[in-house]
Amino acid sequence: MKLWQKIFLYTLILVMLAVGITSILLLQNSFELALEQQRKAACREHDYFITNFKSILITERLRQNMIVLPASQVQDFMEDTFGEGESGSRVAFYDRNKELMYQNRESEADGELVKRLLNLVEEGEESYLQLQGRVLYILSRENMESSTYYFLTTTDLSEIFRLHEDMLVRVRFISMLCALAISAILLVVVKLLLHPLQIINEGTRAIAQGEYHRRIQEKGKDEISELAHNMNIMAASVERNVEALEAVAENRKQFIDNLSHEMKTPLTSILGFSDLLMIKKDLPEEKRMEYMGIVSEEAKRMRTLSGKLMELITVGEANVDWQEEEVSQLFCEIAASLDVIAQSHDIILRCKCEEGRLYMDKELMKSLVYNLTDNAIKATGEGGMIDIQGWFEKEVFVFAVADTGIGIPAEEIDRITQAFYMVDKVRSRKKGGAGLGLALCTEIVKLHRGQLQIESKPGQGTVVTVRMRGGSGCGPKND
Amino acid sequence: MIRILIVEDDENIAKLIEATVTIGGYEGVVCDNGAEAFERMEHEDFDLILLDVMLPDMSGFEIMRNRTSDTPVIFITARQELTDKVRGLRLGAEDYIVKPFEAMELLARIEVILRRVSKPETIYEYGNISINVEEHTCRQDGELVYLTPKEFEVLVFFIKHKDVAVSRDSLLGAVWGFDYEGETRTVDIHVQQLRKKLGLKQRLVTIPKLGYRLESVKS
């Protein structure tokens, strides 16, 4: 059952119960009051009748100057006083032997009851009052003219009972009407109150089905709007996470796409040319040499690529060996080994580094400096100059690799640290680049919690600056 | 001579494709960027275009969408996802070759396309054998030699690629179609029949592990 149906039904049942019980109790109460009043009235009537009758008897006795009136005369007086009547109370007299002396109206079948009452009154009580069916019987023992009589009045109360029953029917009918009216109002109220819940329900379902950008309308300040608000917070965080996941997936897909392209290009040449060498008969010597050259060149490209890739993957896995090392010594070593390459390209390489100690992974640091300098050499033509400088700013170690090479267009700077991104693919390939060097450098710097900054002017050169904390023995950073 | 435009940004692959089409007896024209390729496509006359999908300036798909000529195109790409393939073919490409590919596969595919779109040469001569494709006849020293249709096509393929080692797979692809799922035994039977019928035992040689080669007649 739906919540609105439950609320509606329970409220309706409770209200109906309350209304019904209250009205029935009230009705019962007023009925009892009316009955009591009737009873009192009947008693008064009974007393009034007998007192009157007694005074008439006394007056008559005095008038006749008798000591005691005989029973027959008393009976005549009864007839004179009460006569025969169709309306009003029924009156009856019984003599000492409980024989009916007079009644103003024939009664139906109440003989048994009257007999019982007569016996009761005879045994002790002065008078007796009994409600039988809808008729009230009042019997009293009276001493008149030195004899005992029994006086009975019966009052018909069916009018009150009829009235009560009538009221009950009417209350039932009114309750029905009330129930209808209340249920109509309740229905509207409950629906109105729970409507926001339905909106939340629909909104949540939509969000669950993937519409993560969707938000639920928040109205008012009740619990439901609070719920909507919290739902929205949840949806926002889900959306953020999904976006982040999608971005990661997209990045990964891009990386795989690029990787497969970068691997397939040399593979195509290697397979293709070796195929040609195999199937073609009588290939001229110079062609054969050319093809073999290409195969070897492309195989070397694959070697560079796989090497760089391995480096990138191991850096990602972060098995870093933290050591405090003397930086100037490290830089001199790298510069010396790179100087050979620089000289072969007719490039002047200068290296100057302040003495100091830095917490780092020596191999990764070497790779970083090597890659940056290698990039500089690739970008710089003959007669160019590369300047490596390192210095300390308090505990921050800063080093910069500056070249006088071709530079990087401003709009490309943001993208060159992406894996496989090359500003000039043809040129990079000729120089044996795989497009992974800067991606690797970024990873290494990130691992050392440093910053890598690239400034460049096309045609004039590039300066790559790296800043790393944890220099001059201020403790390891990987706490 | 049939001219083929090769659009490929990697220098070595371009060289490879050029060398491959030369074996097939076509003239290859290399072009290493999309813009130039588009210009040449629009203004020059080629019989076939081999188009790399990933070019530095614009994608092969883009070129395909914008071009106005209806020269047949074969896409050459490193991406082998089905969606790319479907996209390429839907843009009107005749075929789709995934890198890395074999030289003979490329040649065979080129041949299938060319046979479909252009009128092939009708008469081939090989030593004392002359073949008329239109009449579907083969004569040796003027005498008619009866060949089944497939034997005939195999012979034509060999004559077109003299001095090239042809693998059973590529022969199967070129003659029976690339979706034919028969066995390479079929090729062996046809080659044996050809040898017997035309007395080519000496010149249609078996190359171990590779396939067959028809050696050119030294005059």
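1. Chain A holds an open five-stranded sheet, with strands in the order β2-β1-β5-β4-β3 and antiparallel pairing. Strands are DSSP E runs of at least two residues, and helices are H or I runs of at least four, numbered from the N terminus. Two strands count as paired if DSSP finds at least two bridges between them. The edges are β2 (100–103) and β3 (127–132) of chain A, each pairing on one side only. Neighbouring strands are turned by 20 degrees on average, direction ignored.

2. The model is predicted: local features need pLDDT of at least 70, side-chain atom pairs need 80 or more, and totals for chains, interfaces and linings use all residues. Residues are numbered from 1 along each chain as written, chains are lettered from A and ligands numbered from 1 in the order written, and side-chain values use heavy atoms, without hydrogens or water.

3. Strand β1 (residues 90–94) of chain A is joined to β2(A) by 3 bridges, antiparallel. Phe93(A) has Tyr102(A) in β2(A) as its bridge partner.

4. Helix α1 (residues 3–64) of chain A packs on the sheet, touching β1, β3, β4 (135–144) and β5 (147–156) of chain A. Its direction makes about 25 degrees with that of β4(A). Axes are lines fitted to C-alpha atoms, for helices over the stretch in contact, and angles run from 0 to 180 degrees between N-to-C directions.

5. The largest nonpolar core has 63 residues; Ile110(B) and Phe158(B) are among those touching the most other members. Core members are buried (under 20% relative accessible area, 1.4 Å probe, protein chains only) Ala, Val, Leu, Ile, Met, Phe, Trp, Tyr or Cys residues joined through side-chain atoms within 4.5 Å. Helix α5 (residues 103–117) of chain B gives the most, 8 residues.

Methods
Buried < 20%, exposed > 50% of the residue type's maximum accessible area, 1.4 Å probe, protein only. Contact = heavy atoms within 4.5 Å.
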